[in-house]
Amino acid sequence: LVCFPFSVLAQEAGDTIVKQGKISQDLYLAGGTIDMLADVDGDVVAAGGQINIDQSVSGDILVAGGNIAIRARVGDDVRAMGGNVTVSGPVGDEAIIAGGNILIAPSATVGGRALLGGGNIRVEGKVGKSVKAAGNRVVIDGDVAGDVEVFAETVEIGPRAMIHGNLIYHSREEAKIASDAKITGSVTRQGFDIDKRMRERSRAFRPVARLAFYVTLMATAIVLYLLFPTATVGAARTVNTSPWKSLGLGLAVVAATPLVIVLLMISVVGIWLALLALALYLALWLLGFLTGVLTVGEWGLRLIGRAQTATKGWRALSIVVALLALWVVRFVPVLGGLAVFVLLVFGLGALTLYFWRRYVSA
């Protein structure tokens with residue numbers, strides 16, 4: 001397994017974070033309010049309630065939060081998920097955004113394509129390639145160099161819209177297209193084949209779905225830790241204190257539990273116990289994986305000498321970085337998937353061993 005090198009990163013956690021000056025490395029932040037007033041020569045990864053990014057970022061931005069405002073010049077991609085997300089600065093390449101309300105402001109330019117999924121979506125800036133958007137209400141009132149494809153209940157093309165390609169939309173209602181709008185290609189309203197639409201939407205928004213998947217995993221792991229700090233940290237540390245017992249017990253749970261469930265099903269009288277065991281088994285897989293994530297975070301904290309004194313903010317940050325490390329590892333053929341599975345088995349075994357020692361054998 002690969003442990004993320006915390007020691008070579010700039011990272012900070014707290015209720016309120018303000019960064020100023022010049023930062024010449026990747027930056028990882030977690031807090032209630034984050035104000036980025038520093039120029040960053042690298043990537044920015046942040047999670048918080050309110051996130052404001054105002055200065056230039058040479059690499060990518062990956063953020064999740066309640067309210068997100070990106071006014072910075074971004075050298076590469078923007079990937080964001082939040083309640084309200086506003087982009088009002090230049091973005092070098094792609095913008096992949098999921099949120100309740102999404103605004104690509106008039107002052108914004110997106111060099112590549114824009115993939116947007118949310119409730120209310122407005123594109124008023126300039127997009128260098130195509131736009132694909134799915135939401136309840138989608139408004140295009142900016143300059144798009146390529147095609148625009150929309151899945152929405154309400155589709156509006158504003159008077160300042162310039163679409164240098166085709167407009168394809170999927171909606172129960174006719175699109176509201178302003179008379180001043182300019183569309184160089186064709187305008188097509190697709191049929192109501194729901195299955196086809198769902199397949200097309202699935203293909204188009206896989207990047208948004210992946211982003212949402214990782215962000216929700218981060219949120220679940222952090223909430224689990226905040227609700228049960230002693231149990232989660234204790235289970236994670238069990239991997240270090242009893243690694244072989246954790247591995248063996250994890251493999252036993254993975255292999256034996258399905259057999260027990262099948263035997264209970266066959267017995268008929270044990271069918272309700274089988275269903276209960278199945279539900280618990282699936283929950284254990286998730287909890288085991290999250291325990292593995294916490295273990296990687298614990299390793300990172302040990303590297304920087306904060307394992308014993310880490311605050312809740314530092315542990316939340318370690319969870320974010322651990323999941324990002326696993327996201328990188330998964331790209332390694334064969335070994336990536338194997339590493340994630342081994343981590344899950346260790347986490348599952350450590351979790352079972354921790355609760356056995358604490359509650360059953362006590």
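Q: How are α3 and α5 oriented to each other, parallel or perpendicular?
A: Angles under 35 degrees count as roughly parallel, over 145 as roughly antiparallel, 65 to 115 as roughly perpendicular and the rest as oblique. Here α3 and α5 pack at an angle of about 75°, with their axes 8 Å apart, and they are therefore roughly perpendicular to each other. The axes are lines fitted to C-alpha atoms, for helices over the stretch in contact, and angles run from 0 to 180 degrees between N-to-C directions. Helices (H or I, at least four residues) and strands (E, at least two) are DSSP runs, numbered from the N terminus.

Q: On what kind of model do these values rest?
A: This is a predicted model, in which local features need pLDDT of at least 70 and side-chain atom pairs count only at pLDDT 80 or more, while totals for chains, interfaces and linings use all residues. Residues are numbered from 1 along each chain as its sequence is written, and side-chain values use heavy atoms, with hydrogens and water left out.

Q: Which residues of α3 and α5 meet?
A: Contact means heavy atoms within 4.5 Å. On the α3 side, Thr232, Ala235, Ala236, Arg237, Val239 and Asn240 take part, and they meet Thr291, Leu294, Thr295, Glu298, Trp299 and Arg302 in α5. The residues of this contact divide into five nonpolar, four polar and three charged. In this scheme Ala, Val, Leu, Ile, Met, Phe, Trp, Tyr, Cys and Pro count as nonpolar, Asp, Glu, Lys and Arg as charged, and the others, Gly among them, as polar.

Q: Which residues of α3 are buried?
A: Buried means under 20% relative accessible area, exposed over 50%, and partly exposed in between (1.4 Å probe, protein chains only). In α3 the buried residues are Ala231, Thr232, Val233, Gly234, Ala235, Ala236, Thr238 and Val239. Of the 362 residues of the chain, 48% count as buried.

Q: How do α5 and α6 cross?
A: The axes of helix α5 (residues 271–303) and helix α6 (residues 312–329) come within 8 Å and cross at roughly 110°. That makes α5 roughly perpendicular to α6. The contact of α5 with α6 divides into ten nonpolar, two polar and two charged residues. Among the α5 residues in it are Phe289 and Leu301, and those of α6 include Trp314 and Leu326.

Q: Why does Val320 count as buried?
A: Val320 lies in helix α6, and it counts as buried because its relative accessibility is 2%. Leaving aside residues up to four places away in sequence, Val320 touches Val45, Met218 and Ile222. Val320 and Val215 are 105 residues apart in sequence, and 8.8 Å apart in space from C-alpha to C-alpha.

Q: Which strands pair with β7?
A: Strands of a sheet pair through backbone hydrogen bonds, either parallel or antiparallel. Two strands are said to pair if DSSP finds at least two bridges between them. Strand β5 (residues 78–87) pairs with β7 in the parallel sense over nine bridges, and Ala80 stands opposite Ile97 in β7. Nine bridges also join β7 to strand β9 (residues 114–123), again running parallel, and Ala98 stands opposite Gly117 in β9. Strand β7 (residues 95–104) is mostly covered, with seven of its ten residues buried.

Q: What is the strand order in the open sheet of six strands?
A: The order is β6-β8-β10-β12-β14-β17, with parallel pairing. The edge strands, β6 (90–91) and β17 (182–183), each pair on one side only.
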